[in-house]
Amino acid sequence: MQPIPRQKLISSLSWSRSPALKSKSLTLTKQFSISSPHRSSNSNSKPEDKTLSSRIPPPPPARWITDLRSRVGKCIIFGCSNQQVSRAASVLRALAVEWKDLLAGSEGFLTGGRRGLDSQKIAWGEMDSFGHVNNVNYYRYAESARVNWITNFSVHVDPAHRQEWAELMSPKAIGLIMRSLKADFKFPMVYPDKISVYHKLRAQPEGNPAPSAFMLDCIVLSHQHRRIAARLEEDIVVYDYRSAKKTSMPGFMVDLFSKTYQMQLEEMIRARTRIWDLVEAVEALEKETWDRKDAVEDVGSAAAKGQTA
């Protein structure tokens, strides 16, 4: 693989030379046995859940994507060998390609396939008179992603119960009713932008009889900012339209939700491990470039011109 030229790498970064960046903003504490508050507090978890929970690495800092880009930029400014440039390019490429899966996966959200809304463009008409996407649209994004989340089970995961899954979205037999929907807006999105919206189960369904409700967490990702623009929580009731009252979750839902919850934990382990590997790679570059006693910032051709003047 040909290394990316140093100047091209520098031009692709928006690195600020502010004093605040002179200290590392990420502290790597690689302890993969999680203590409070990262350990699951669900005392009713099954043994395999506890085994997976004990393997979950710590969550990354909130702004790890921006921070790693800035730190790689600082390494390049201080000068890198061809081999170091190649390693820096590998990190930047991972941040550019994997950011969405890692950002969502680090919290246990499953991406890909038809599990939600993926890379949907924001329409200009979704903005309001205040110049940002109207808050009502976030609820619509979540609704569309939730329908896709359920439909994915019906069509691609559990076709044996395709009709039952489809009926959950209609008032025919056993269906789903939204009991409450709450949103926490992180920053205003504006046109143009793209969004990806994903759901995850907050807890594994347990009990006998099965629960009659479940909680879903939802995130709305801004592609332009590579950040979570909004978080939503959805309290959903399993409702029997024939008897006009809530009912226990059907067995096919319990089985598949249990498997999905396991997949969420596995994805959290994978994504966080990958993120901390990237952090470790950047720390190694820092120690070889600017974070050493004899480090001198590479000012390039400007210094050479000054010496010959």
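Arg226 is found in the loop between β4 and β5 (227-240), where its phi is near 55°, a positive value in a residue other than glycine. Phi is likewise near 55° at Ser119, again a positive value in a non-glycine residue; Ser119, however, belongs to strand β1 (residues 117-121) and, at 32% relative accessibility, counts as partly exposed.

The structure is a predicted model, in which local features need pLDDT of at least 70 and side-chain atom pairs count only at pLDDT 80 or more, whereas totals for chains, interfaces and linings use all residues. Residues are numbered from 1 along each chain as its sequence is written, and side-chain values use heavy atoms, with hydrogens and water left out. The mean pLDDT (the predictor's confidence in each residue, from 0 to 100) of the chain is 85, and 80% of its residues reach 70 or more. Over residues 1-43, by contrast, pLDDT stays under 50, and for this stretch the model has 76 contacts beyond four places in sequence, a contact being heavy atoms within 4.5 Å.

The chain contains eight helices and six strands, assigned as DSSP runs numbered from the N terminus (helices, H or I, at least four residues; strands, E, at least two). Of the 309 residues in the chain, 43% are buried. Among contacts between residues at least 6 apart in sequence, 78% join residues at least 24 apart.

Asp158, in the loop between α5 (135-157) and α6 (162-167), is buried yet has no salt bridge, the nearest side chain of opposite charge being that of Lys259, 7.6 Å away; a salt bridge requires a side-chain nitrogen of Lys or Arg within 4 Å of a carboxyl oxygen of Asp or Glu, and for charge Lys and Arg count as positive and Asp and Glu as negative, with His and the chain ends not counted. Not counting residues up to four places away in sequence, Asp158 touches Phe153, Trp165, Phe252 and Leu256. Lys259 itself is placed in helix α7 (residues 251-288) and, at 56% relative accessibility, counts as exposed.

Two cis peptide bonds are also present in the model. The bond from Tyr191 to Pro192 has omega near 0°, with Pro192 in the loop between β2 (174-185) and β3 (194-201), while the bond from Asn208 to Pro209 has omega near 5°, with Pro209 in the loop between β3 and β4 (213-222).

Key: Buried means under 20% relative accessible area, exposed over 50%, partly exposed in between (1.4 Å probe, protein chains only).
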